[in-house]
Amino acid sequence: MVLSINRYSKKDTTIYTLYWDKGGANMATHAVFEELGASYEMIEIDLSKNMQKSAEYLAINPNGKVPALMHQGQIIYESAAILMYVLDQHPESGLAPDTGSPKRGVYYQYLFWMSSTLQEAANRWAHPEQYISGEKNLQQVKDKANETLIQCWDIVEKELANYGPWLLGDKLSGADFHLFMIAHWSQRYASRAQDWTHLNAHYQAMLNRASVQEMMAQEGLL
């Protein structure tokens with residue numbers, strides 16, 4: 001494990017520790033840290049070197065995946081859960097609707113849907129070998145995943161067209177950071193978020209945010 005990035009804010013002395021890999025599912029939370037001006041450190045888990053399978057990291061996240069978060073002695077894994085947890089520590093940011101707001105349900109909806117449906121389809125397209133054995137069957141998995149991706153992009157495109165510019169309407173939220181992350185990955189997919197008009201506008205708006213630019217610069221994605 002390599003301690004790679006430290007960002008300390010004078011207004012926030014509580015330090016988050018995020019275990020990450022370049023361009024991994026840590027992107028959304030990393031950008032949110034910058035948006036919040038939070039104090040954080042990042043420890044690189046290089047998947048290309050199988051660092052996620054080390055006994056040391058498996059003791060942190062038994063799934064052998066990134067990201068994982070450590071905060072006040074508690075370990076949390078799953079990217080959407082981490083994002084939700086961090087934003088609940090910073091209600092003043094307005095990046096998560098109040099618990100009494102109807103928008104809170106929509107916020108949950110998008111984060112859970114993206115994690116269980118959109119992100120799952122993205123993973124099947126990018127890593128079909130994790131779902132089936134035999135080289136000749138891999139393309140079938142990718143093709144079915146692509147069908148789901150198209151359906152998902154169509155759903156989000158319609159929602160943004162009707163209620164945008166953000167997923168919750170005129171209010172930026174953590175869900176937008178999560179969508180940006182998957183949209184960024186999709187640039188190498190058969191069906192890219194950037195090929196849908198409103199999705200591309202959302203992607204470009206997120207890409208232009210200083211917090212996202214800083215995250216991408218730190219992760220070597222620019």
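Pro67 lies in the loop between helix H2 and strand E4 (68-71), where helices (H or I, at least four residues) and strands (E, at least two) are DSSP runs numbered from the N terminus. The peptide bond that leads from Val66 to Pro67 is cis, with omega near 5°. The model is a predicted one, in which local features need pLDDT of at least 70 and side-chain atom pairs count only at pLDDT 80 or more, while totals for chains, interfaces and linings use all residues. Residues are numbered from 1 along each chain as its sequence is written, and side-chain values use heavy atoms, with hydrogens and water left out.

A cis peptide bond also joins Gly164 and Pro165, with omega about 20°. Pro165 is placed in the loop between H5 and H6.

Positive phi values occur at Asn50 and Glu78, neither of which is a glycine. For Glu78, in the loop between strand E5 (74-77) and helix H3 (79-88), phi is about 85°. For Asn50, in the loop between E3 and H2, phi is near 60°. Asn50 is partly exposed, at a relative accessible area of 41%; buried means under 20% relative accessible area, exposed over 50%, and partly exposed in between (1.4 Å probe, protein chains only).

Ser48 is found in the loop between strand E3 (39-44) and helix H2 (55-58). With a relative accessible area of 65%, Ser48 is exposed. Its side chain makes a polar contact of 2.4 Å with the side chain of Asp46. A polar contact is a pair of N or O atoms within 3.5 Å; within protein, one must be able to donate a hydrogen and the other to accept it, and residues adjacent in sequence count only if both atoms are side-chain atoms. The C-alpha atoms of Ser48 and Asp21 are separated by 9.1 Å, the two residues being 27 residues apart along the chain.

The largest nonpolar core has 61 residues, a nonpolar core being a set of buried Ala, Val, Leu, Ile, Met, Phe, Trp, Tyr and Cys residues joined through side-chain atoms within 4.5 Å. The residues with the most contacts inside this core are Met114, Leu118, Trp153, Phe177 and Phe180. Helix H4 (residues 102-126) supplies the largest share of the core, 10 residues. Apart from this core lies another, of eight residues, including Tyr19, Ile43, Ile45 and Met51. Not counting residues up to four places away in sequence, Phe177 touches residues that include Ala28, Val32, Leu95, Met206 and Val212, contact meaning heavy atoms within 4.5 Å.

Helices H5 (residues 138-163) and H7 (residues 197-207) pack at an angle of about 75°, and their axes are 8 Å apart. H5 is therefore roughly perpendicular to H7. Axes are lines fitted to C-alpha atoms, for helices over the stretch in contact, and angles run from 0 to 180 degrees between N-to-C directions; angles under 35 degrees count as roughly parallel, over 145 as roughly antiparallel, 65 to 115 as roughly perpendicular and the rest as oblique. On the H5 side, Trp153, Val156, Glu157, Leu160 and Ala161 meet Thr197, His198, Leu199 and His202 of H7. These residues divide into five nonpolar, three polar and one charged.

Trp153 is also in contact with Ser186, which is placed in the loop between helix H6 (174-185) and H7. Ser186 counts as buried, at 0% relative accessibility. Leaving aside neighbours within four places in sequence, the contacts of Ser186 also include Ser191, Arg192, Ala193 and Gln194.

Notes
Nonpolar A, V, L, I, M, F, W, Y, C, P; charged D, E, K, R; others polar.
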